[in-house]
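Thanks for coming, everyone. Let me put the structure up.

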Amino acid sequence: MKYDNRELIEQLAAQYVLGTLRGRARGRFERLLDASADVQTAVRRWEDRLIGMAARVAVQAPPKHVWQGIERRLGITAAAATQVATPRRGFFAELFGSRLGLGALATAAVFVLAVGMLIQTNRPAPLQTIAVIAQKEQGELWLLRSTKDGQRIVVEATARVTPDAAHAFELWALPASGAAPVSLGVLPTNGTITLALNATQRAALGTAGKVAVSLEPPGGSPTGAPTGPVLHVADLTKLQAA
Amino acid sequence: MSASVDTMTESAAYASEVETLLGRCALRDSKALNQLYQLVAPRLFGVLLKLLRRRALAEEALQDVIVKVWQRAGQFEAYRGRGMAWLVSIARNRAIDMLRSQRNYVSIDEAAPADLADDSANDAMEMSGTDKMRTALNRCLGGLSDQQRECITLAYVKGYSHDEIARSVGSPLGTVKSWVRRGLSSLKRCLDS
């Protein structure tokens, strides 16, 4: 299909925004959209023309867990989300004291940058997501987040975890060397728990490329090695230096 | 009418708040993302529910949308002066992508009876500073034939494909495609004049 025809682009943009451009044609048009400023303009104009129809749809409050899921996926925390970044007076006084010679524009730019920096630095160090244990059919099951020092792992079970009174789900670090898995603890079936790691566990996690979950008797493996089937394996993300 | 003046003012404040918060999201301010979410999530969730019909899907889509908004908040040019239109577009595109892969499993019959009328007539909170555009759109939709208007509304609000519209209104596919195409060009002529 040729896209150099202005009228054709206009029609495709209209049908794209309306939603009636479907199938492979939609994918092709999206590639064109990425590449062409003219097409982006045509699409934006149609989005603006039709936006009034969205205003006619009744508002619906989403359930609370939707926001919690967003926090999880972005690795931001409720604490960070509710904390107000408070400027430090001393810092600002110093900043403006030393920048008085600059023009108003430059000062404004510095101010914006400074606010950006403050927002970054005043936030408590967030936990870093190190692994997401998920299953294709069920989606995310557990989220593993680590403190920056690697001393503790915060494990959160999503609502998709099905509790099993007859078994425990045990978490293992799988060393990249192929050495024996090291147990990191038993996973919760609901809510969030914190696993404090000992030196052996920290060392194993530090060199591991993956974690695994095995099905064990209640309380966890009696032998110190996985005894039941491995249910999940997930990649580990290396801790970033704070 | 003072009521409509109030609505206009509230609407302009709403639009400006949305854009301010988007700008702060570009600075990686997660508090701003939370505030933006409080402000726009009910609106976006309403749109997503209408399109996807199943709550679980709409919840998943809303998460995807907000994650995407956080990632793209630095694209000031894309949303300057049209924050809510930008947000709704991200939401609708996500929903349509989900429909493209899910429609096979979700039958149209699962949908609630067609309720395409203004279901938020008393809703004071407008989408953005687009009141004039909304009024114009309503006027221009009113100028379409009944069939054109119904087809376009089914597509936009419910995410129906041409095929689904044809089945829903009981008309041949070719006729429906022509209603949609002509309806869109009439809308454009009317809105741009």
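This is a predicted model: local features need pLDDT of at least 70, side-chain atom pairs count only at pLDDT 80 or more; totals for chains, interfaces and linings use all residues.

Start with the interface. Chain A puts 51 residues into the contact, and chain B puts in 68. The area buried between chain A and chain B comes to about 5400 Å². Carbon and sulfur atoms give 62% of that area.

Which elements of chain A give two or more residues to the side that touches chain B? They are α1 (6-18), α2 (23-35), α3 (37-54), α4 (64-74), α5 (78-82) and α7 (104-122). α3(A) gives the most, with 11 residues. By type, this side of chain A splits into 25 nonpolar, 14 polar and 12 charged residues.

Next, the glutamate. A:E216 sits in strand β7 of chain A, residues 208-216. A:E216 is buried, yet has no salt bridge. How far away is the nearest side chain of opposite charge? That is A:K210, and the distance is 19 Å.

What does the A:E216 side chain make polar contacts with? One partner is the side chain of A:S214, at 2.6 Å. Another is the side chain of A:T227, at 2.3 Å. Leaving out residues up to four places away in sequence, A:E216 also touches others, including A:H167, A:W172 and A:P226.

How values were computed. Residues are numbered from 1 along each chain as its sequence is written. Chains are lettered from A and ligands numbered from 1 in the order in which they are written. Side-chain values use heavy atoms; hydrogens and water are left out. Contact means heavy atoms within 4.5 Å. Buried area is the accessible area (1.4 Å probe) that two parts lose on being put together, summed over both. Helices (H or I, at least four residues) and strands (E, at least two) are DSSP runs, numbered from the N terminus. Ala, Val, Leu, Ile, Met, Phe, Trp, Tyr, Cys and Pro count as nonpolar, Asp, Glu, Lys and Arg as charged, and the others, Gly among them, as polar. Buried means under 20% relative accessible area, exposed over 50%, partly exposed in between (1.4 Å probe, protein chains only). Lys and Arg count as positive and Asp and Glu as negative; His and the chain ends are not counted. A salt bridge is a side-chain nitrogen of Lys or Arg within 4 Å of a carboxyl oxygen of Asp or Glu. A polar contact is a pair of N or O atoms within 3.5 Å; within protein, one must be able to donate a hydrogen and the other to accept it, and residues adjacent in sequence count only if both atoms are side-chain atoms.
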